[in-house]
Amino acid sequence: MAQTIAPAVSPVPLPDPAMAELLQSVVDTARAIFGAEASSILLLETTADELVFEAVSGQGQEFLVGRRFPAGRGIAGWVAASGEPMVVDDLHHSTSFDRDVAESTGYVPNALMAAPLLHGDRVLGVLEVLDPSPQARSSLTELDLLSLFARQAAVALHVLTTHAPRRPPAPDGADDPSRTELLRLLSQARRLLEE
């Protein structure tokens, strides 16, 4: 499947609290669902040809957000370039795994699952689950589940970055259409995950 690599957001830091909330919710939920030590979302920034950690749950969440690395490196780079999900049970023997990038983050996992954030034929980034429980990575069904979850996250991200009005949020968030759409999409994702 050929994918078009496209920037998910402008190269400036995320200005939208709803987007930060969405991405954090996705990584927190993915980490819980797959019994993982950590989960992260890396968004593709094509102007710099880099993947950028935008949300992290678990190991590294205190310092990884904002870290960048070349888009063509490691498993996340392969998933972003190919648009295909991947599971690796033993990273010590994987030729795709970039140990230098992992060591630079301060956390070197033993196993991982990764799925592209796809919207249409565009790759917006990658959702990774690091050191998921052995049961979570034991079948293609689980990788399909991660891919479905990543697709839902990509749709929500696309809505927030292209369709949501750019106005200051209401103090309680009650009138914010982007928040309403975000909550609707997250609810739909949770239903998919419970099936």
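The model is predicted, so local features need pLDDT of at least 70 and side-chain atom pairs count only at pLDDT 80 or more, while totals for chains, interfaces and linings use all residues. Residues are numbered from 1 along each chain as its sequence is written, and side-chain values use heavy atoms, with hydrogens and water left out.

Rolling a probe the size of a water molecule over the atoms shows where empty space is left. Here a cavity is a set of points, on a 1 Å grid over the protein atoms alone, where a 1.4 Å probe fits but cannot get out. Points are joined across faces, edges and corners, and a volume is the space filled by probe spheres set on them. One cavity of 30 Å³ or more was counted, and the volume of the largest cavity is about 240 Å³. Its lining (residues with an atom within 4 Å of a point) has 19 residues, and Phe 53, Phe 97, Val 101, Ala 102 and Glu 128 are the closest to its centre.

Helices (DSSP runs of H or I, at least four residues) and strands (E, at least two) are numbered from the N terminus. Helix 2 (74-82), helix 3 (99-105) and strand 7 (122-130) each supply at least two lining residues, and helix 2 gives the most, with four.

Turning to the backbone, Asp 49 is not a glycine, yet has a positive phi of about 55°. Asp 49 sits in the loop between strand 2 (38-45) and strand 3 (50-58). Asp 131 likewise has a positive phi, of about 50°, and lies in the loop between strand 7 and helix 4 (140-163).

Methods: On a 1 Å grid over the protein atoms alone, a cavity is a set of points where a 1.4 Å probe fits but cannot get out, and a pocket is an open set with protein on both sides within 12 Å along at least five of seven lines; lining residues have an atom within 4 Å of a point.
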